[in-house]
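Thanks for coming, everyone. Please have the structure up on your screens, and we will walk through it.

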Amino acid sequence: MAQYKGAASEAGRAMQLMKKREKEREQLEQLKQKIAEDNMVKSNIDKKFSAHYDAVEAELKSSTVGLVTLNDMKAKQEALVKEREKQLAKKEQSKELQLKLEKQKEKKRKEEQKRKIASLSFNPEDEEEEEEENEEEEEQDDAPVKKKKLGKNPDVDTSFLPDRDREEEENRLREELRQEWELKQEKIKSEEIEITFSYWDGSGHRKTVKMKKGNTIQNFLQRALEVLRKDFSELRSAGVEQLMYIKEDLIIPHHHSFYDFIVTKARGKSGPLFSFDVHDDIRLVNDATVEKDESHAGKVVLRSWYEKNKHIFPASRWEPYDPEKKWDKYTIR
C-alpha cells in the first residue's frame, strides 16, 4: 500500500474514501449475486418441461372440449410447440451466461488476491506537489492554506463499477449464444430417424417409417396411416384424431415431438422414450437408473379398439404420459 505523507486530516479523509469504496464494492457484489439468482429462478420455470407441460396440457384440454375441427387442433398444437421451444432457448442461454459470469468473477477474485492490498485512489505525483506546498506554507505564514483535490489513480481496479460498454458486450454475447443455440437445435430437428412401430388390433403388425426429429406425434401418425391403409380396411376411413400412439406403456399426446423426448431423455414404464428403434427383451433388465438405447416398438392403436379392450392386457397397463412422473424401475406387470 502506498504511504500517504500529507496532513493527518487528509490521511483520515483518504481512509474514509477507501472504506466508502469498499462498501460500494460489497453492495455491487450483492446486487450481481441477486441478479444471478433471479436468472436461475427464471431458468427453472420450464425445468424438464414439467410446469410448462402442465400448462400446455391444461390449455389444450380446456380449448378442445367438445367437437373441434382438425385445423383448429393443429393450429393450437403448433402454437404450444413454438412456445415450448422459446422457453427451452431461454433456459439454455441463461445457463451459458451464468457460467461465463462465474468464470469472470473467479478470475477477478484471483487477481485481487495477488494484489492483496489495493492502492489508495490518488496519484503519487499529487503527494509530492502537496509536500512542496506545505513547505511553502511554512515559509510564508501569511499565505492562505490551499487545499488540493485528490486525483484519480489509473492503476486502481474499477471493474466492479457499473460499465455501460461492458453491459452492452454482455448483451451482445447473450444474443450470439441464443442464436447459436437455436441454429444447433434446428439442425438436430432436421435430422432423420427411423421409427419402428406396430399397428395393434389384438396382435402386432410391425412397420417402419422415416421421420425428422422435429416432427410431432401427429405428423408421425399421419405418415403411419398412409402406410397402413392399404393393408387394413378399418383404417381407410379413419383420421389421425382417431389414432393413439403408445410408447413404453404410455399414451403419448399428439402435440409432443420426438425432439422433446430426445433432449429430455424421457423414460416410460417399460423403457426409454427417446429411442425409436427396437431391441428385444429390454425388460429382462429392469434397472432404469442405467441408461440404455434399447426400447420396444411403439404401438399405433384405434381409439375405438382401446375403449373396448382397456380392461384387458396389454391395454390395461397403458396410462397417459405425465412428465412429472418418474420411473425408477422398468416394469412389465
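Start at Asp249. Asp249 is buried, because its relative accessibility is 8%, and buried means under 20% relative accessible area, with exposed over 50% and partly exposed in between (1.4 Å probe, protein chains only). Asp249 sits in the loop between S3 and S4. Helices (H or I, at least four residues) and strands (E, at least two) are DSSP runs here, numbered from the N terminus. Phi of Asp249 is near 65 degrees, a positive value in a residue other than glycine.

Glu248 is in the loop between S3 and S4 too. Its phi is near 55 degrees, again positive in a residue other than glycine. Glu248 has 4% relative accessibility, so it counts as buried. Why flag such backbone values? Most residues other than glycine have a negative phi, and most peptide bonds are trans. Pro314 lies in the loop between H8 and strand S6 (319-320).

A word on provenance. This is a predicted model: local features need pLDDT of at least 70, side-chain atom pairs count only at pLDDT 80 or more, and totals for chains, interfaces and linings use all residues. Residues are numbered from 1 along each chain as its sequence is written, and side-chain values use heavy atoms, with hydrogens and water left out.

Now the overall layout. The chain has eight helices and six strands. From the N terminus, the order is α-α-α-α-α-β-β-α-β-β-α-β-α-β. Of the 333 residues, 34% count as buried. Contact means heavy atoms within 4.5 Å. Among contacts in the chain with a separation of 6 or more, 65% are between residues 24 or more positions apart.

Next, the core. A nonpolar core is a set of buried Ala, Val, Leu, Ile, Met, Phe, Trp, Tyr and Cys residues joined through side-chain atoms within 4.5 Å. The largest one has 39 residues, and Phe220, Leu235 and Trp318 have the most contacts inside it. Elements that each supply at least two residues of this core include strand S1 (192-200), strand S2 (204-212), helix H6 (217-228) and helix H7 (258-264). H6 gives the largest share, seven residues. In general, nonpolar side chains tend to be buried together in soluble globular proteins.

Take Leu235. What does Leu235 touch, not counting residues up to four places away in sequence? The partners are Tyr199, Leu225, Leu228, Arg229, Leu243 and Leu302.

On to Gly298, in strand S5. Gly298 is buried, with a relative accessible area of 0%. Leaving aside neighbours within four places in sequence, Gly298 is in contact with Thr196, Phe197, Ser198, Tyr245, Ile246 and Lys247. Lys247 is 51 residues from Gly298 along the chain, yet their C-alpha atoms are separated by 4.5 Å.

Last topic: helix packing. Two packed helices are described by the angle between their axes and the distance between the axes. Our pair is H3 (residues 70-115) and H5 (residues 164-189). Their axes come within 9 Å and cross at roughly 135 degrees. That makes H3 oblique to H5. Axes are lines fitted to C-alpha atoms, for helices over the stretch in contact, and angles run from 0 to 180 degrees between N-to-C directions. Under 35 degrees counts as roughly parallel, over 145 as roughly antiparallel, 65 to 115 as roughly perpendicular and the rest as oblique.

Who meets whom? On the H3 side, the residues include Leu88, Leu97 and Leu101. On the H5 side, they include Leu173, Leu177 and Trp181. The residues of this contact divide into seven nonpolar, two polar and nine charged. Ala, Val, Leu, Ile, Met, Phe, Trp, Tyr, Cys and Pro count as nonpolar, Asp, Glu, Lys and Arg as charged, and the others, Gly among them, as polar.

Gln98 is in H3. Is Gln98 buried or exposed? Buried, because its relative accessibility is 12%. Beyond its neighbours within four places in sequence, Gln98 is in contact with Ala36 and Met40. Leu101, also in H3, is partly exposed, with a relative accessible area of 29%. Leu101 and Ala36 are 65 residues apart in sequence and 8.7 Å apart in space, C-alpha to C-alpha.
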